[in-house]
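Thanks for coming, everyone. I'll keep this brief. Let me put the structure up.

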Protein chains: 2
Amino acid sequence: MSEGTPSPAPQIVSLDRLDRFCRDVLAAVGADAPTCDAVTRAMMHGTRLGVDSHGVRLLAHYVSVLEGGRVNKTPRLSFSSKFGAIAALDLDHGHGALGAYVGMGRAIELAETLGIGAVAIRNSSHFGAAGAFAYEAAQRGFIGLSLCHSDSFMRLHDGAQRFHGTNPIACAVPVEGSRPWLLDMATSAITYNRVQLYKSLKHPVPEGMASDQEGRDTFDAEDVDMLAPLGNEVGFKGAGLAGLVSILCAVLPGMALDFDILPMNGEDKSTPRRMGAFVMAIRPDAIVERHEFSGLMTRYVETLRASPARPGARVLAPGDREWEVADVRDREGAPIDPATEAAFREFSGTYGVALPFEENSRTL
Amino acid sequence: MSEGTPSPAPQIVSLDRLDRFCRDVLAAVGADAPTCDAVTRAMMHGTRLGVDSHGVRLLAHYVSVLEGGRVNKTPRLSFSSKFGAIAALDLDHGHGALGAYVGMGRAIELAETLGIGAVAIRNSSHFGAAGAFAYEAAQRGFIGLSLCHSDSFMRLHDGAQRFHGTNPIACAVPVEGSRPWLLDMATSAITYNRVQLYKSLKHPVPEGMASDQEGRDTFDAEDVDMLAPLGNEVGFKGAGLAGLVSILCAVLPGMALDFDILPMNGEDKSTPRRMGAFVMAIRPDAIVERHEFSGLMTRYVETLRASPARPGARVLAPGDREWEVADVRDREGAPIDPATEAAFREFSGTYGVALPFEENSRTL
């Protein structure tokens with residue numbers, strides 16, 4: 001493509017076809033069936049809800065780490081529990097999405113009988129969109145919480161060096177007859193993907209969201225070396241929340257601290273990263289009857305959605321924006337960015353898997 | 001005092017004397033012994049650590065609501081549990097600090113045997129500094145989490161009306177041989193007390209932290225009608241976290257939603273506010289051995305404190321600033337603001353309780 005040629009419209013691909021393609025590629029790579037299923041479901045959660053940074057775009061990364069050996073294609077999972085309501089899941093360096101789904105399943109079982117249950121996951125890896133696993137709990141009628149740390153990308157409040165990962169907090173709560181309340185947020189002010197978007201758009205970075213390599217705030221996406229913690233002047237809050245995530249995901253299960261984790265996109269694709277994660281479930285009827293919980297939760301979200309907005313803006317419950325995207329993509333499919341499309345074509349050739357779109361729909 | 005006369009230096013009063021005075025006044029009001037103890041400890045946590053908004057300044061408010069009947073001076077607490085690891089505590093409209101301490105005690109007992117335990121508190125009231133109860137868990141060797149909602153004071157992201165309370169999240173984690181890691185944060189960008197401070201100092205409110213009654217950002221503290229959620233451009237994060245607090249403190253235990261709670265400082269001091277709270281404890285050795293947890297936690301906080309700072313700034317772990325204040329106040333006592341001093345003098349007369357400072361140390 002010569003310079004100045006406008007980018008072609010992205011491929012729009014049905015979710016079913018994308019799902020099938022991801023499963024087939026992962027299977028061709030040699031991942032076992034539970035891994036293929038968990039990784040595909042987690043990526044499709046991202047793609048369906050418009051969280052494209054954590055959608056099928058990740059397939060290329062996951063293939064590289066499964067092939068490289070960093071992530072175990074056929075892990076032997078084992079649970080252990082010293083105490084009743086919290087368990088450890090050793091993921092044997094398998095894929096983080098597998099650990100988080102299996103861990104949430106156990107947390108739900110524990111919550112079923114004990115009202116609340118948690119699982120700390122050991123020897124995990126990048127798990128994708130944190131919201132996928134909280135959503136899983138809500139789909140099954142439970143309040144779900146999922147947390148994961150990562151390699152350092154965020155400075156401390158008033159800090160001048162990367163310290164925490166972007167350490168997301170996700171929570172989902174069932175709403176009767178409706179989609180769950182679904183919060184999925186990085187504890188950094190901004191994600192690195194957003195910085196990259198600003199870079200490509202030559203758009204200034206909003207104030208106090210990212211810093212250069214001396215930790216100074218920068219408006220220039222080209223100068224961004226680290227992310228700021230959520231809060232700007234009160235960035236101790238974002239840094240504190242990121243720390244809480246690190247403590248539950250790394251310190252509690254005895255895993256690598258954020259600054260000891262090998263970088264996600266580093267050269268080394270063979271050494272396991274010793275990451276941890278933490279998932280928790282609570283029965284909505286742990287304290288009051290189910291109908292009372294449901295009634296209050298419905299009143300909460302309905303009052304929220306009816307709350308007056310600032311001029312020209314809308315008030316949304318956590319997840320509302322994502323469910324709107326999901327409605328469109330369920331009908332029409334999801335756009336695939338050019339880099340991901342190219343990776344898919346390569347995988348199709350390498351692994352002999354049918355593409356999810358017409359072979360010659362575009363000359364790249 | 002005529003206009004233009006400089007304010008006198010505040011009374012500095014030893015913590016022991018303040019503690020004694022609060023207990024004596026609460027007892028004279030007719031609060032039972034557990035209430036006197038819990039309320040005093042919670043206020044002294046605030047005063048000792050420099051969180052003066054939640055320190056002994058609250059005594060006057062608490063006296064008014066105990067006298068008015070909104071808060072029960074002699075509540076009959078009762079636990080119930082449908083499931084093993086999460087319990088309900090009905091506080092019988094007693095003081096929130098009593099509920100939170102007693103609730104955390106039960107959460108710790110549950111965590112002792114089950115690894116994790118939680119208590120949802122019903123029929124509670126303003127509980128003071130959330131950090132006090134998380135700190136209690138850490139002092140006893142557990143990871144502690146305490147949450148409380150309140151009457152509406154914060155707009156939604158892009159909202160133009162008060163919706164959530166300032167809904168704090170507090171967490172404390174034991175650090176061997178050292179003070180706990182202690183995070184205590186409102187999920188609003190700023191507290192209303194801080195706005196009042198800016199008002200008295202005629203200092204502009206930082207950008208995106210507070211709004212006028214149409215929900216527009218304002219720099220003028222005089223115009224502030226509602227607080228912004230933590231995050232400014234990404235205020236959906238602060239609003240989402242505030243919502244999570246509301247769900248666990250109000251929806252789960254079947255209590256009043258934030259916007260249904262009578263205002264803390266309203267005329268009505270007799271009607272119970274039907275607030276809830278949520279506390280949780282986790283054993284640090286739930287997954288790995290205690291020494292492994294301790295070693296990692298120490299490495300985490302020591303690496304954090306050694307992380308490079310921006311020019312002219314310091315990097316602190318959550319709680320470090322507060323522990324520095326506590327060191328000073330343990331030695332020298334705490335300053336008492338003029339309004340609180342006046343209230344103390346009044347209580348001394350009304351209840352026949354000896355003042356914690358010299359009677360005629362100042363002519364007000």
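Start with strand β8 of chain B, residues 169-175, in this predicted model. Seven of its seven residues are buried, so the rest of the structure largely encloses β8(B). Look at the two faces. I169(B), C171(B), V173(B) and V175(B) point one way. A170(B), A172(B) and P174(B) point the other way. Both sets are buried.

Now the neighbours. Which strands pair with β8(B)? One is β5(B), residues 143-148, antiparallel, over four bridges. Within that pairing, L145(B) has C171(B) as its bridge partner. L147(B) stands opposite I169(B).

The other is β9(B), residues 178-185. Six bridges join it to β8(B), again antiparallel. Here V175(B) is bridged to S178(B). β8(B) and β9(B) make a hairpin, with two residues between the strands. Note G177(B) in that turn: its phi is positive, about 70°.

Back to β5(B). Is this strand enclosed or open to the outside? Six of its six residues are buried, so β5(B) too is largely enclosed by the rest of the structure. On one side sit I143(B), L145(B) and L147(B). On the other sit G144(B), S146(B) and C148(B). Both faces are covered.

β5(B) has another pairing, with β12(B), residues 275-282. The two strands run antiparallel, and the pairing has six bridges. In β12(B), F278(B) stands opposite L147(B).

Last, a helix. This is α2(B), residues 33-49.

As a reminder, an α-helix has 3.6 residues a turn, so residues three or four places apart point the same way.

And after the helix? G50(B) follows α2(B), and its phi is positive, near 85°.

To recap. β8(B) is buried along its seven residues. β5(B) is buried along its six. Questions, please.

Note on methods
Residues numbered from 1 in each chain as written. Chains lettered and ligands numbered in written order. Predicted model: local features only at pLDDT ≥ 70, side-chain atom pairs only at ≥ 80, totals over all residues. Heavy atoms only, no water. Buried < 20%, exposed > 50% of the residue type's maximum accessible area, 1.4 Å probe, protein only. Pairing = 2+ DSSP bridges. Expected span 1.5 Å × (residues − 1).
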